Amino acid sequence: MSPRSASVNEELRRRSKERLLQAAVELVGEHGYDATTLGDIADRAGSARGLVSYYFPGKRQLVQSAVHRLMHRTLEEALEREPRTADGAERMARAVDAILGLARDRPVLMRQHMAGLLQAEVGFVPCPEQRRLAELLRDTVARHGSRDVDRDYPMLRALLMGAVFAALVPGVPMPVPVLRAELFKRYRLAWELGVPPEAAAPGGTTCETDLSRFFATGLPGRRAHADPAGRSEGTAQSK
């Protein structure tokens, strides 16, 4: 059998990483951060456990990247859904609703994400997923009419993070519609823009369990691939 080409190996590595990101989002959302181990994530992804450390320094970095992927793809989907628009106010409204929607629909996952950002030993970890999220938010600010994106983008990011935090504080959460109203007032957005709380979300349900569209994990039916060391990812190492 001839050796795999560099491009094939690169594609296999990409799919491996995608499956780990998806597994991390699913398991932390289902069981919480502390109850999810790297072994659990590898098993859900169908990967050898040693492969996790090949891509990520640790669990916190993996989970941050996974949540940033979910955030940026959710935001991208909201911004580009039909009817597509270049209107700055509508795009800002969609952005606010997309991020607040994650806090409403995936509270366990987003609460664990916010807690991780506040941990001094790890804190905020820049990664490709986070950079894509930042690009979308910067573009939203620019389309909304900002004259100084470098000043206004960090403010939007801070306001969205603060709203997510306020929506998720155990015992005293603020209602998402109230937080939405404050953000819409600040950015002078009409209430009917975006996806108002009383409106049905485009496509039906607001919280889908199948997140595969956000993670390009390969062709259906191809369940086992080789990792960079030549082991089959479809077979996890024994416990």
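**Figure 1. Overview of the chain.** The protein chain has 9 helices and 0 strands, and its order along the sequence reads α-α-α-α-α-α-α-α-α. Helices (H or I, at least four residues) and strands (E, at least two) are DSSP runs, numbered from the N terminus. The model is predicted: local features need pLDDT of at least 70, side-chain atom pairs count only at pLDDT 80 or more, and totals for chains, interfaces and linings use all residues. Residue numbers start from 1 along each chain as its sequence is written, and side-chain values use heavy atoms, with hydrogens and water left out. Of the 239 residues in the protein chain, 45% are buried; buried means under 20% relative accessible area, exposed over 50%, and partly exposed in between (1.4 Å probe, protein chains only). Among contacts with a separation of 6 or more, 68% are between residues 24 or more positions apart, where contact means heavy atoms within 4.5 Å.

**Figure 2. Packing of helix α8 against helix α9.** Helix α8 (residues 149–168) and helix α9 (residues 176–186) pack with their axes 10 Å apart, at an angle of about 165°. This angle makes α8 roughly antiparallel to α9. Axes are lines fitted to C-alpha atoms, for helices over the stretch in contact, and angles run from 0 to 180 degrees between N-to-C directions. Angles under 35 degrees count as roughly parallel, over 145 as roughly antiparallel, 65 to 115 as roughly perpendicular and the rest as oblique. α8 and α9 cross in a right-handed sense; a crossing is right-handed if the near helix is turned clockwise from the far one by less than a right angle, and left-handed if anticlockwise. From α8, the contact uses Met-155, Leu-159, Leu-160, Ala-163, Ala-166 and Ala-167, and from α9 it uses Val-176, Leu-179, Leu-183 and Arg-186. By class, the contact of α8 with α9 has 9 nonpolar, no polar and 1 charged residues. Ala, Val, Leu, Ile, Met, Phe, Trp, Tyr, Cys and Pro count as nonpolar, Asp, Glu, Lys and Arg as charged, and the others, Gly among them, as polar.

**Figure 3. Packing of helix α5 against helix α9.** The axes of α5 and α9 cross at roughly 155° and come within 11 Å, so the two helices are roughly antiparallel to each other. The crossing of α5 past α9 is right-handed. On α5 the contact residues are Ala-93, Val-96, Asp-97, Leu-100 and Arg-104; on α9 they are Val-176, Leu-179, Arg-180, Leu-183 and Phe-184. This contact of α5 with α9 divides into 7 nonpolar, no polar and 3 charged residues.

**Figure 4. Salt bridge between Arg-180 and Asp-97.** Arg-180 pairs with Asp-97 in a salt bridge whose closest N and O atoms are 2.6 Å apart. A salt bridge is a side-chain nitrogen of Lys or Arg within 4 Å of a carboxyl oxygen of Asp or Glu. The pair links distant parts of the chain, with Arg-180 in helix α9 and Asp-97 in helix α5 (residues 88–105), 83 residues apart. Arg-180 is buried, at 1% relative accessibility, and Asp-97 is buried with a relative accessible area of 11%.

**Figure 5. Further salt bridges.** The structure holds 17 salt bridges. In one of them, Glu-129 meets Arg-69, with the closest N and O atoms 2.8 Å apart. Glu-129 lies in helix α7 (residues 128–143) and Arg-69 in helix α4, 60 residues apart; both Glu-129 and Arg-69 are buried. Arg-104 and Asp-105 also form a salt bridge (2.8 Å, N to O). Arg-104 is partly exposed, with a relative accessible area of 43%, whereas Asp-105 counts as buried at 16% relative accessibility. Salt bridges with shared partners join Glu-80, Arg-84, Arg-91, Asp-139 and Arg-143 into one network.

**Figure 6. Surroundings of Arg-73.** Arg-73 belongs to helix α4 (residues 59–80) and is partly exposed, at a relative accessible area of 24%. Leaving out residues up to four places away in sequence, Arg-73 touches Arg-213 and Phe-214. Arg-73 and Arg-213 are 140 residues apart along the chain, and their C-alpha atoms are separated by 9.0 Å.

Figure 7. Most residues other than glycine have a negative phi, and most peptide bonds are trans. Glu-82 and Pro-83 are joined by a cis peptide bond, with omega about -5°; Pro-83 sits in the loop between α4 and α5. Arg-188 has a positive phi, near 55°. Arg-188 is in the segment after α9 and counts as exposed at 78% relative accessibility.
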